[in-house]
Amino acid sequence: MSLDSAPVLEAKNISVEFGGLKAVEDVSFEIPDRSVVSLIGPNGAGKTTFFNVLTGLYKPTSGFVIYNGEDITGVVPHVIAAKGVARTFQNIRLFGLMTAEENVMVAMHSHLKAGIIGTIIGSPLQRREEREAREEARALLSFVGIGKTAPEFARNLSYGDQRRLEVARALALRPKVLLLDEPTAGMNPQESAVFVDFVHKVRDEKNLAILLIEHDMSVVMKVSERITVLDRGMKIAEGSPADIKSNPRVIEAYLGKSAEVNK
Amino acid sequence: MSIITRKKSGSKRRKVPASQRTWSIGFLTLAIAVYIFYTYIVPHTPDGFQSQIQTWFPPSALNEALVWVIAALGLNIVVGYAGLLDLGFVAFWAIGGYTAGWFMSGFFYQLNIHFGSESPKTFPGIHLSFWIVLLLGALICAFFGILIGAPTLRLKSDYLAIVTLGFGEIIPQVFVNGENIHGFNLSNGTKGISPVDNIGLFGKRLGPFDLNYKYMIFVFMAALMVFISLRLRSGRLGRAWLAIREDELAASMMGVPLMKTKLSAYAVGAISGGLAGVAYATHVNGIFAERFQFSISIILLAMVVLGGMGNVWGVMVGALLIAWVNSTGLPALGNEINSTFNTNINFPSYTFLIFGGLLILMMLFRREGILPESRLKMVLHENDDDVDNEAPHKNISEEEAL
């Protein structure tokens, strides 16, 4: 376990308000390097909003986001992405009319250097860069287990393969943190079980930290080293899967008060 | 199945899809064939045939169509690749045209600058070589592309279209009214700038009637734009453009800087608009402010959509076709009909009616354009799969019935 290592991404007292609505209220949160941590909570708890703050899509009303010791609060999304915070989307957002390979190569944009002139004249540097990028993309596709789909349009892939392609695309950013927004949505129990191993494989082989938003509790309990629970924008609990399972406030948030009484 | 073979060819040399190569060879062959036809064959044919050619396919119409091709290819980068709806492309055409007016005519008669031009040294004004002016036109248009794009490209879809429409109106108006800007004559107003210098080619001055030489130059420019489009499309920038077209938010989350990428699409598009403007100025031998109308933007857009958005060859076919219909096809057809039926209908005045009808028909029956980009075709014909699947069954049942 790597929970003791220094945090690679850190959120300090994050609050997000939309008009009068407080979507996230004073949430502090750490993702230790090379850990797998989860963010759970009932619908509307502010999980995705929090995600969007980490990736720069929303600017928090107050609080800071620290990545690798650097303040990235309010930095534009593409810069944060290029620094190494990658994400997938709850409802798959691939570039449907581009091939799987191209999808992955888009995410290499910030690593590639070829300019307009270099691309037009096809300079040796640009050619080599393209070749290497293509090879890397193929390798990433194989890594997530969909190597054969490289020349196919993303929109033609099966649902499961699209989910995998999203991960491959995110990995092409060479991230230090990978944020997965409900990655098992729409998967059956067998697929979800395979997914747990996949998450650990990604973490171990790509040396990165993973933050999950997840609804499937069996997945969350198996995959996470630490779980943070949000409810109505506030952090109500944090700890190991075993702690969270028995935490009365968490049970209350999910099932309501009477459920605990019945128990 | 084809992964192994792809990998092999990919690692050895740059991957050029076979169809692109076929198209490129086809384009060059056709261009040369047309040249030979007009230069060596037509003069030796009977007069009747020559006059038919003059009526239906005059060489000047061909040259003008090529100018449209150059501009349409630029708009294709903006609209077809990056998905930014631009309704004011005429602005760049106008700026390119006036660049030619400023730098290769006697317009600035106070000056006497000659460089690389074939016009006599005694002529006042700025006379630069056509090739330098092309470069200047490209640079100036790229600059204005960025200048116009920087504030507008933050807008999305419909809003962007409206604002570009505004700029497409503003810039030609500036030229129309630019006769006296605090005493400075920018554009000579509605009188326009004429004549523009002849193109110098290897020490030869091309007069207004050296159409075959101009044809070669315009073909070369169109080929250059095709080359640039294809190269950029297959590279890092092209992927980013397509990604923005597909899903802007996802693209930015994958490290694609939206503004910079959109601006580069706009600038490259503007460059080709500038090239077309310079070419057009030499083609009509002058620049006339009232020609830069909104309809040019719309016709260019129609060329891109009709031909097949995102596919350079489709756009080229669309541009050639529409330009021909506009300049010769319709008037010639009209004359034919008028003389046959003894009527007196002014067909060219119905251009837009026919145009609109054509577009509606296209959108009803072939939305993806004449030569679509394979990607677009897939989306627009997604539901046809059912029909295709049913077809074989139908055949079988027919056979059984027999």
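This report walks through a predicted model of two protein chains, from whole chains down to single residues.

Residues are numbered from 1 along each chain as its sequence is written, chains are lettered from A, and ligands are numbered from 1, in the order in which they are written. Because the model is predicted, local features need pLDDT of at least 70 and side-chain atom pairs count only at pLDDT 80 or more, while totals for chains, interfaces and linings use all residues.

## The two chains

Start with chain A. Its secondary structure comes to eleven helices and ten strands. Helices (H or I, at least four residues) and strands (E, at least two) are DSSP runs, numbered from the N terminus. The C-alpha atoms of chain A fill a box of roughly 70 × 40 × 35 Å, taken along the principal axes. The radius of gyration of chain A is 19 Å. A compact globule of 263 residues would come near 18 Å, so the value for chain A agrees. The radius is taken over C-alpha atoms, and the globule rule is 2.2 Å times the number of residues to the power 0.38.

Chain B has 16 helices and five strands.

How much of each chain is buried? In chain A, 46% of the 263 residues count as buried. In chain B, 42% of the 402 residues do. A residue is buried if 20 or more other C-beta atoms lie within 10 Å of its own, exposed if 12 or fewer, and partly exposed in between; these C-beta atoms are placed from the backbone.

Contacts tell another part of the story. Two residues are in contact if their C-beta atoms, placed from the backbone, lie within 7 Å. Take the contacts in chain A with a separation of 6 or more: residues 24 or more positions apart account for 69% of them. For chain B, with that cut-off of 6 or more, residues 24 or more positions apart account for 74%.

## Where the chains meet

The contact between the chains takes 35 residues from chain A and 32 residues from chain B. On chain A, the elements that give two or more residues to this side are helix H2 (77-83), helix H3 (100-106), helix H4 (116-121) and helix H5 (124-143). The largest share, five residues, comes from H5(A). By class, the side of chain A that touches chain B has 18 nonpolar, eight polar and nine charged residues. Here Ala, Val, Leu, Ile, Met, Phe, Trp, Tyr, Cys and Pro count as nonpolar, Asp, Glu, Lys and Arg as charged, and the others, Gly among them, as polar.

Helix H5 of chain A also holds A:Ala133. A:Ala133 is buried, with 21 other C-beta atoms within 10 Å. Which residues does A:Ala133 touch, not counting those up to four places away in sequence? They are A:Met105, A:Met108 and A:Leu112. A:His109 is 24 residues from A:Ala133 along the chain, and their C-alpha atoms are separated by 9.7 Å.

## Helix pairs in chain B

Two packed helices are described by the angle between their axes and the distance between the axes. Axes are lines fitted to C-alpha atoms, for helices over the stretch in contact, and angles run from 0 to 180 degrees between N-to-C directions.

| Helix pair | Angle | Axis distance |
|---|---|---|
| H4(B) (59-81) and H8(B) (211-234) | about 15° | 9 Å |
| H6(B) (130-152) and H11(B) (258-284) | about 140° | 7 Å |

The angle of about 15° makes H4(B) roughly parallel to H8(B). The angle of about 140° makes H6(B) oblique to H11(B). Angles under 35 degrees count as roughly parallel, over 145 as roughly antiparallel, 65 to 115 as roughly perpendicular and the rest as oblique.

H4(B) passes H8(B) in a left-handed crossing. Their contact has 17 nonpolar, six polar and two charged residues. H6(B) passes H11(B) in a right-handed crossing. That contact has 17 nonpolar, eight polar and one charged residues. A crossing is left-handed if the near helix is turned anticlockwise from the far one by less than a right angle, and right-handed if clockwise.

Most residues other than glycine have a negative phi, and most peptide bonds are trans. A:Asn207 has a positive phi of about 55°. A:Asn207 lies in the loop between helix H7 (189-206) and strand E8 (209-213) of chain A. A:Asn207 is exposed, with 10 other C-beta atoms within 10 Å.

B:Asn342 has a positive phi of about 60°. Its loop runs between helix H13 (312-341) and helix H14 (351-365) of chain B. B:Asn342 is exposed, with 7 other C-beta atoms within 10 Å.

A cis peptide bond joins B:Ser194 and B:Pro195, with omega about -5°. B:Pro195 lies in the loop between helix H7 (157-176) and strand E4 (199-201) of chain B.
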